[in-house]
Amino acid sequence: MGNFEPWRKYPDLTKDRLSVIATIIRDVRHGCVLLHEPAKGDGPWGLGCRAYERTCAAIRKAVIRYDWLRILPETSSLGFSFAVGNVPFRFYRGDPDELPYHYQLKSYGEIHHLQLLLALDTGFQEIDGALRFAVETDGSQEVSSVTLVEVDRGGNPRDSYQIPFDEGESNVVTIETPPVDLPPVTAEPLKKEEGEKRKKSHGLGSVS
C-alpha cells in the first residue's frame, strides 16, 4: 500500500474533494481539543464522543456548500455515512491498517445507496468492499493524519492514500447573494418657500 491514487479507480474522489473532508475532520477535532479540560474531569471517551458528533454535524452542514457531497440515511441514530460524488464512506479514529470490526462491513446507508445507483442504471460499478477515512491522532489529541483506506470484501485493508489538508475549495456552490453596499441616505434641506407651504397645509402657521 502507499501508491494508491483513488481518483484513478474512483473518478469522483478528486484530491480536492478528499482534502475538504479531511480538513473538516481535522478542524472539528481541533475545536474539541480546545474545549477539553482534563483537570475538570474530561476524559478521552468524552473527547471522542464530542469529536464524532461534531464531525458528523459539520459534514451535514458542508452539504449546503458542496454539491458533490451528500448524507446517506442510516437506521441507527449513531450511524453516520456520506457520499463523495457517488462513492459512500464512513470514518473512524484509528490505524489505517487495523479497522475496527464494525467498520469493515458496509452500513445500511452504504448498501442502500449502492443498490439505488445500480437500480437507476447510472453506470456506477459496485464497490467490492468498502472505503473508509481513518483518522489518526497524536499525543496532544490533535489529528495527525487522515487516510483513505480501501477495504476488500473480507474487511482487510487493500490500499491507502494519505490525504493532504487545506487543498480543497473547488466546486463550491454559492448559496448566498453577495451583499450590496448602498450609500447612506441623506435628506436634502427643504427650500424656504416649500417649507412655508407645508406648514400652511398642515395648519402650522404662526400664531398671532
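Analyst: Happy to. A nonpolar core here is a set of buried Ala, Val, Leu, Ile, Met, Phe, Trp, Tyr and Cys residues joined through side-chain atoms within 4.5 Å. Please keep in mind that this is a predicted model.

Let's start with the core itself. The largest one counts 37 residues, and Leu13, Phe82, Phe89, Phe133 and Leu148 have the most contacts inside it. Two or more residues each come from helices H2, H3 (44–65) and H4 (108–119), and from strands E2 (81–84), E3 (87–93), E4 (130–137) and E5 (143–151). Helix H2 gives the largest share, nine residues. As background, nonpolar side chains tend to be buried together in soluble globular proteins.

Leaving aside residues up to four places away in sequence, Phe82 is in contact with Ile21, Ile59, Leu69, Arg70, Ile71, Leu72, Val87, Pro88, Phe89, Phe91 and Phe133.

Ser19 belongs to H2, which spans residues 15–35. Ser19 counts as buried because its relative accessibility is 0%, and the cut-off for buried is under 20%. The Ser19 side chain reaches the backbone nitrogen of Asp166 at 3.3 Å.

Asp166 also meets the helix through a charged partner. Arg26 and Asp166 form a salt bridge, with their closest N and O atoms 2.9 Å apart. This pair links distant parts of the chain, 140 residues apart: Arg26 is in helix H2, while Asp166 is in the loop between strand E6 (157–162) and helix H5 (192–201). With a relative accessible area of 54%, Asp166 is exposed. Arg26 has another salt bridge, to the side chain of Asp27, at 2.9 Å from N to O. Asp27 counts as partly exposed, because its relative accessibility is 40%.

The structure holds seven salt bridges. Among them is the one between Glu37 and Lys40, whose closest N and O atoms are 3.4 Å apart. Glu37 is partly exposed at 36% relative accessibility, and Lys40 is exposed at 67%. Elsewhere, a network of salt bridges links Lys9, Glu150 and Arg158.

Conventions: Residues numbered from 1 in each chain as written. Predicted model: local features only at pLDDT ≥ 70, side-chain atom pairs only at ≥ 80, totals over all residues. Heavy atoms only, no water. Helix = DSSP H or I, 4+ residues; strand = E, 2+ residues; numbered from the N terminus. Buried < 20%, exposed > 50% of the residue type's maximum accessible area, 1.4 Å probe, protein only. Polar contact = N/O pair within 3.5 Å; in protein donor to acceptor, adjacent residues only side chain to side chain. Contact = heavy atoms within 4.5 Å. Salt bridge = Lys/Arg side-chain N within 4 Å of Asp/Glu carboxyl O.
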